[in-house]
Number of protein chains: 2
Amino acid sequence: MPTREQVHNFAAGPSPLPTTVLEEAAQGLLNYEDTGMGICELSHRGKEFKAVIEGAEANLRSLLSIPDNYTILFSQGGGTGQFSAVVLNLLSAHRLAHPVPAEQFTPPPIDYVLTGAWSSKAYAEAQRLTSPPFPSCPAFAAPRIAASTKATKWTTLPKREEYDFSKDAAFVYYCENETINGIEFPSASASESSPYAFPFDLVPEGVNIVADYSSSFISRPIPHIEKHAVIYAGAQKNLGPSGVTVLIVRNDLLVDTTEAAKLGAVPHTPITYEYKILADNGSLYNTPPTFPIYVSALVLKHLIDNKGGLEGLEETNKAKAELLYATLDEAEKEGKVKCVVKEKDARSWMNVTFEIVGEGKEKAFLEGADKKGFRQLKGHRSVGGVRASLYNAVTLESVQALCEFIKSF
Amino acid sequence: MPTREQVHNFAAGPSPLPTTVLEEAAQGLLNYEDTGMGICELSHRGKEFKAVIEGAEANLRSLLSIPDNYTILFSQGGGTGQFSAVVLNLLSAHRLAHPVPAEQFTPPPIDYVLTGAWSSKAYAEAQRLTSPPFPSCPAFAAPRIAASTKATKWTTLPKREEYDFSKDAAFVYYCENETINGIEFPSASASESSPYAFPFDLVPEGVNIVADYSSSFISRPIPHIEKHAVIYAGAQKNLGPSGVTVLIVRNDLLVDTTEAAKLGAVPHTPITYEYKILADNGSLYNTPPTFPIYVSALVLKHLIDNKGGLEGLEETNKAKAELLYATLDEAEKEGKVKCVVKEKDARSWMNVTFEIVGEGKEKAFLEGADKKGFRQLKGHRSVGGVRASLYNAVTLESVQALCEFIKSF
């Protein structure tokens with residue numbers, strides 16, 4: 001019967017949240033700011049919830065230094081919903097920018113950078129949604145692979161020379177952090193010198209860039225927001241409970257998908273996935289997931305109040321990751337473990353993946369860890385192994401304790 | 001600075017929840033069942049959350065007596081998301097049942113029963129999603145109006161003779177309770193004798209029937225589940241916090257929308273809106289909104305434990321509505337108020353709408369009510385007036401207090 005203090009939660013998401021935030025949320029659940037009503041019992045159009053969502057937006061804009069020509073949206077459907085929404089909205093924007101008659105319209109390429117399971121799923125969804133609506137019709141677009149690390153079983157990132165971008169793509173898509181194998185594009189501080197930095201300069205000018213930032217969102221600053229068309233992230237890693245997805249959308253991509261559909265040659269966009277309708281209604285076109293947004297707002301306030309900002313968090317998160325990788329590299333030399341990702345610049349700070357060498361040893365490791373209070377360390381069901389996720393709410397002390405356990409195992 | 005006990009919350013949704021449920025949820029937020037982790041911090045694929053979602057499903061099946069050939073799903077996107085999903089899935093099912101070459105395929109009619117703002121929005125979405133994907137192509141379907149009460153400004157229900165159903169519709173759609181004006185199809189007990197009962201017998205045999213039950217879900221038994229193809233409901237009225245939508249789908253409608261798309265002549269379905277993929281994955285295809293599902297599970301357990309079942313709730317909800325309508329009818333005779341819905345059998349038990357007669361009187365009424373602890377009574381912004389929503393968690397005592405206030409005003 002452990003208390004929160006006796007447990008180290010390394011979940012890959014949904015993942016731990018700061019205790020002080022949860023304490024405030026528990027109070028808000030029963031009586032929000034002395035209204036006599038809980039936060040889940042208040043109209044999403046009332047002044048109380050409006051202050052919550054607007055506060056979250058302002059704090060996010062400040063923390064990430066989001067430029068004025070970008071709109072912040074709170075959506076439902078998770079990252080997987082955005083696999084679809086990105087295609088639908090960006091193809092609609094592309095179509096409206098090329099208002100030729102449908103029969104003269106050339107289906108644009110869409111360039112996917114594949115670095116793991118999530119970007120691959122996004123690519124598969126683009127293929128589904130752009131297939132011809134009638135056998136006699138052209139496809140809506142031509143999804144293609146601009147780079148892929150499948151040959152390495154998703155254990156590294158593409159090098160600069162491996163990218164092959166189209167000149168005229170409707171957009172380029174990449175996943176900043178792949179949670180399953182623990183691959184992440186290097187941080188801004190490392191990226192200048194790294195062969196694995198995302199090659200913004202190789203993307204032809206004017207081509208929109210979309211990034212899935214689900215697992216690393218607000219774990220450190222986002223370099224070059226202004227080079228992106230859309231950045232999105234499911235909340236359930238660093239930001240809040242599951243059920244809300246945050247979008248940062250450049251304003252020219254807030255387009256009327258119904259108008260695009262009237263031109264023809266674009267797939268239809270369900271209304272809840274249209275960015276413009278969300279934007280026009282301050283993310284309140286229909287009832288939003290109020291509690292997940294509320295807790296996210298508390299987390300953002302917590303980050304703002306804790307001063308250091310994302311730069312401070314970056315330092316802590318870097319220290320956590322470096323400590324664990326150093327411990328694992330040492331243990332690998334002793335033949336006890338195997339790191340899944342070998343190359344330092346491709347290693348995720350958020351999801352650290354490794355295998356325990358020796359038959360039956362993995363089970364013993366996980367059971368031993370559990371007894372010591374280390375929770376949710378099991379690797380993703382598709383790959384097995386061990387995965388320690390080091391999101392913002394995981395403390396350096398928890399990582400130190402895990403390192404001690406690994407050394408002693 | 002009121003306590004929960006000093007406030008009567010008549011919100012139209014998100015709406016009040018039982019205090020005991022919120023107390024348990026507040027505990028679960030910090031330490032769920034002595035795991036040392038909060039419910040929002042647990043993997044949706046772990047044994048703890050699996051027990052939550054499976055328990056919710058079992059209790060819902062038991063409470064509503066849902067037949068075995070129906071699957072219960074937990075989805076994101078709200079009722080508005082289902083405006084789209086229903087069209088996409090049912091057209092895909094229809095297409096697969098008519099696997100002729102695309103050029104020989106006849107776009108089916110879809111019959112909408114319009115009784116207010118929500119069914120009208122659903123109809124508009126069907127029109128958007130079924131429009132021709134190329135100017136030279138046929139439409140995917142032909143949405144049409146099978147009945148409408150627009151001429152009454154949505155203040156009554158169609159009579160039997162006013163329905164005009166197609167023989168070969170892909171589906172018939174209706175909204176069981178329209179929250180804005182407070183219109184609801186009569187309960188099972190009244191429906192035998194009522195001219196406003198939904199005319200299941202007039203719908204041609206074999207035509208699928210879809211119902212939006214968002215506002216009345218689990219407020220009383222659902223008559224004739226077996227006559228429906230799909231029933232859906234946003235949680236945020238009687239069931240739980242906003243952010244989760246419950247679906248009851250007949251198993252033959254769990255179809256592979258990608259296979260339908262390959263035949264052509266159906267709109268593409270974003271993966272998160274495909275019923276089959278949700279069903280195949282126990283509503284865990286992607287990360288679900290775990291907290292809204294958890295609280296909904298607590299509410300369902302609370303209803304099961306409170307014995308009376310939905311029949312008991314029906315009695316209480318009927319008593320609450322009858323008391324308030326009787327008070328309003330009396331006040332209307334005295335010229336103090338005007339009820340929006342005149343005909344008893346068309347009146348919603350969930351959303352009671354009225355106007356205060358006399359210039360400036362409405363403002364005075366709402367301000368006076370607020371001072372006495374009556375909250376969230378303002379009518380929907382599109383129609384104004386007063387609306388008292390009497391969802392499950394609103395007690396008879398709160399309704400009695402409101403009636404006293406109306407009498408004394």
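Residues are numbered from 1 along each chain as its sequence is written, and chains are lettered from A and ligands numbered from 1 in the order in which they are written. In this predicted model local features need pLDDT of at least 70, side-chain atom pairs count only at pLDDT 80 or more, and totals for chains, interfaces and linings use all residues, while side-chain values use heavy atoms, with hydrogens and water left out.

**The seven-stranded sheet of chain B**

Helices (H or I, at least four residues) and strands (E, at least two) are DSSP runs, numbered from the N terminus. Two strands pair if DSSP finds at least two bridges between them. In chain B, seven strands form an open sheet of mixed pairing in the order 2-10-9-8-5-3-4. Its edges are strand 2 (70-75) and strand 4 (142-148) of chain B, each of which pairs on one side only. From one strand to the next the twist averages 20 degrees; axes are lines fitted to C-alpha atoms, for helices over the stretch in contact, and angles run from 0 to 180 degrees between N-to-C directions.

| Strands of chain B | Sense | Bridges | Bridge partners |
|---|---|---|---|
| strand 5 and strand 8 (residues 209-212) | parallel | four | B:Tyr173 and B:Val210 |
| strand 9 (residues 230-234) and strand 10 (residues 245-250) | antiparallel | five | B:Val230 and B:Val249 |

Helix 2 (residues 47-64) of chain B packs on this sheet and touches strand 2 and strand 10 of chain B. The direction of helix 2 makes about 130 degrees with that of strand 2 of chain B. Contact here means heavy atoms within 4.5 Å.

In a regular strand the side chains alternate between the two faces of the sheet. Strand 5 (residues 172-175) of chain B is covered on both faces, with B:Val172 and B:Tyr174 buried on one side and B:Tyr173 and B:Cys175 buried on the other. Buried means under 20% relative accessible area, exposed over 50%, and partly exposed in between (1.4 Å probe, protein chains only).

**The three-stranded sheet of chain A**

Chain A has an open sheet of three strands with antiparallel pairing, in the order 11-12-14. Strand 11 (337-339) and strand 14 (386-389) of chain A are the edge strands. On average, neighbouring strands of this sheet are turned by 30 degrees against each other, direction ignored. Four bridges link strand 12 (residues 351-356) of chain A to strand 14 of chain A in the antiparallel sense, and A:Phe354 has A:Val386 in strand 14 as its bridge partner.

Two helices accompany these strands. Helix 9 (residues 309-333) of chain A lies across strand 11, strand 12 and strand 14, running at about 125 degrees to strand 11 of chain A. Helix 10 (residues 361-371) of chain A packs on the sheet, touching strand 12 and strand 14, and its direction makes about 130 degrees with that of strand 12 of chain A.

**The contact between the chains**

Chain B and chain A each bring 80 residues to their contact. The area buried between them is about 6200 Å², of which carbon and sulfur atoms give 60%; buried area is the accessible area (1.4 Å probe) that two parts lose on being put together, summed over both. In chain B, B:Glu41, B:Phe134 and B:His268 lose the most area to chain A, together 12% of what that side buries.

Four salt bridges are found across the interface, a salt bridge being a side-chain nitrogen of Lys or Arg within 4 Å of a carboxyl oxygen of Asp or Glu. The side chains of A:Arg4 and B:Glu41 meet in a salt bridge at 2.7 Å, N to O.

B:Thr269 lies in the loop between helix 6 (257-263) and helix 7 (275-280) of chain B and is buried at 2% relative accessibility. Leaving aside neighbours within four places in sequence, its contacts include A:Glu125, A:Arg128 and A:Leu129, together with B:Leu88 and B:Ser92.

**Cysteines and backbone features**

The whole structure contains zero disulfides, a disulfide being a pair of cysteine sulfur atoms within 2.5 Å. The sulfur of B:Cys137 has its closest cysteine sulfur in A:Cys137, at 3.3 Å, which is too far for a bond. B:Cys403 is in no disulfide, and the nearest cysteine sulfur, that of B:Cys339, is 11 Å away.

A cis peptide bond joins A:Gly13 to A:Pro14, with omega near 0 degrees. B:Gly13 and B:Pro14 are also joined by a cis peptide bond, with omega about -5 degrees. B:Glu33 has a positive phi near 45 degrees and is exposed at 60% relative accessibility.
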